[in-house]
Amino acid sequence: MKYLALALLFSTSLMAASPEVVQYMKELESVAKTENRTFNGFDAVRGKEIFTSTHTGKQGKPMACTSCHSLNLANPGKNSLTGKVIDPLSPRANPQRLTSAKEVKKWLKRNFMDVYAREGTAQEKGDVLTYIMKN
Ligand code: HEC
């Protein structure tokens, strides 16, 4: 009994994402392995760099993920294009985050275009999700 409680505690504290989003990350992982032979697991440090660095976005202007999502993921953000407030991205601050694989796929595709003017690779998507999960 004691061990079961401990196991549950660990699994919930480590998994700040729903089972379907965890499943999506496993799919990203297998694609990342085929695209990069030196791939050795997702990395929150690389994810942070992806999230905080500035690039020339789709509109030809400097953009970062933090242009719309706050640098502190527990805080609300503000869409730099529309001015609309965005709820916090942190799954700890906002339990609705990382619950729907469909939403996550849709927004990662759109948001990588906004910031990088291209789609993210499987490794980049997994790295940035790993970073978001830890915040
Ligand atoms: C132009 C503004 C903008 C930029 C730049 C942006 N986002 Fe977003 N993002 C949004 C909006 C708007 C939503 C959807 C509204 C919402 O969920 O509150 C969203 C939703 C998301 C979600 C969905 C989370 C969930 O489970 O609900 C993820 C993940 C995400 N963004 C990651 C990123 C990453 C990674 C970057 C950088 C590559 C990025 N965003 C850059 C505006 C932006």
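Tutor: Start with one term. Two residues are in contact when they have heavy atoms within 4.5 Å. Also keep in mind that this model is predicted.

Student: Is lysine 78 buried or exposed?

Tutor: Exposed. Its relative accessibility is 52%, and exposed means over 50%.

Student: How far apart are the C-alpha atoms of lysine 78 and proline 88?

Tutor: They are separated by 9.8 Å. Along the chain, the two residues are 10 apart.

Student: Let's zoom out. How many helices and strands does the protein have?

Tutor: It has 5 helices and 4 strands.

Student: What pattern do they follow along the sequence?

Tutor: Read along the chain, it goes α-α-α-β-β-β-β-α-α.

Student: What share of the residues is buried?

Tutor: The protein has 135 residues, and 39% of them are buried.

Student: What about contacts between residues at least 6 apart in sequence: what share join residues at least 24 apart?

Tutor: That share is 55%.

Student: Now the inside. Which residues in the largest nonpolar core touch the most other members?

Tutor: The core has 30 residues. Tyr24, Phe51, Leu98, Val104, Leu108 and Leu129 touch the most other members.

Student: Which elements give two or more residues to this core?

Tutor: Helices α2 (19-35), α3 (44-52), α4 and α5 do. As a general point, nonpolar side chains in soluble globular proteins tend to be buried together.

Student: Pick tyrosine 24. What does it touch, not counting residues up to four places away?

Tutor: Tyrosine 24 touches Ala101, Val104, Lys105, Leu108, Lys125 and Leu129.

Student: So how do the axes of α2 and α4 cross?

Tutor: They cross at roughly 50° and come within 8 Å. That makes α2 oblique to α4.

Student: Which residues meet there?

Tutor: From α2, they are Glu20, Val21 and Tyr24. From α4, they are Ala101, Lys102, Val104, Lys105 and Leu108. By class, this contact has 5 nonpolar, no polar and 3 charged residues.

Student: And at what angle do α4 and α5 pack?

Tutor: Helix α4 is residues 101-116, and helix α5 is residues 122-133. They pack at about 110°, with their axes 12 Å apart. That makes α4 roughly perpendicular to α5.

Student: Which residues make the contact of α4 and α5?

Tutor: Val104, Leu108 and Phe112 come from α4. Glu124, Lys125, Val128 and Leu129 come from α5. By class, that is 5 nonpolar, no polar and 2 charged residues.

Student: Back to leucine 98. What is its phi?

Tutor: Positive, at about 55°, although leucine 98 is not a glycine. In general, most residues other than glycine have a negative phi.

Student: Where is leucine 98?

Tutor: In the loop between β4 (85-86) and α4. Leucine 98 counts as buried, at 9% relative accessibility.

Student: And what is the phi of alanine 117?

Tutor: It is positive, at about 55°, and alanine 117 is not a glycine. Alanine 117 lies in the loop between α4 and α5. Its relative accessible area is 38%, so alanine 117 is partly exposed.

Student: New topic: aspartate 114. Buried or exposed?

Tutor: Buried. Aspartate 114 has 16% relative accessibility, and buried means under 20%. The residue is found in helix α4.

Student: What does aspartate 114 touch, not counting residues up to four places away?

Tutor: Gly57, Lys58 and Met63.

Student: Last one, asparagine 40. Where is it found?

Tutor: In the loop between α2 and α3. Asparagine 40 is exposed, with a relative accessible area of 74%. The C-alpha atoms of asparagine 40 and glutamine 123 are separated by 10.0 Å. Along the chain, those residues are 83 apart.

Methods. Residues are numbered from 1 along each chain as its sequence is written. This is a predicted model: local features need pLDDT of at least 70, side-chain atom pairs count only at pLDDT 80 or more; totals for chains, interfaces and linings use all residues. Side-chain values use heavy atoms; hydrogens and water are left out. Axes are lines fitted to C-alpha atoms, for helices over the stretch in contact, and angles run from 0 to 180 degrees between N-to-C directions. Angles under 35 degrees count as roughly parallel, over 145 as roughly antiparallel, 65 to 115 as roughly perpendicular and the rest as oblique. Ala, Val, Leu, Ile, Met, Phe, Trp, Tyr, Cys and Pro count as nonpolar, Asp, Glu, Lys and Arg as charged, and the others, Gly among them, as polar. A nonpolar core is a set of buried Ala, Val, Leu, Ile, Met, Phe, Trp, Tyr and Cys residues joined through side-chain atoms within 4.5 Å. Buried means under 20% relative accessible area, exposed over 50%, partly exposed in between (1.4 Å probe, protein chains only).
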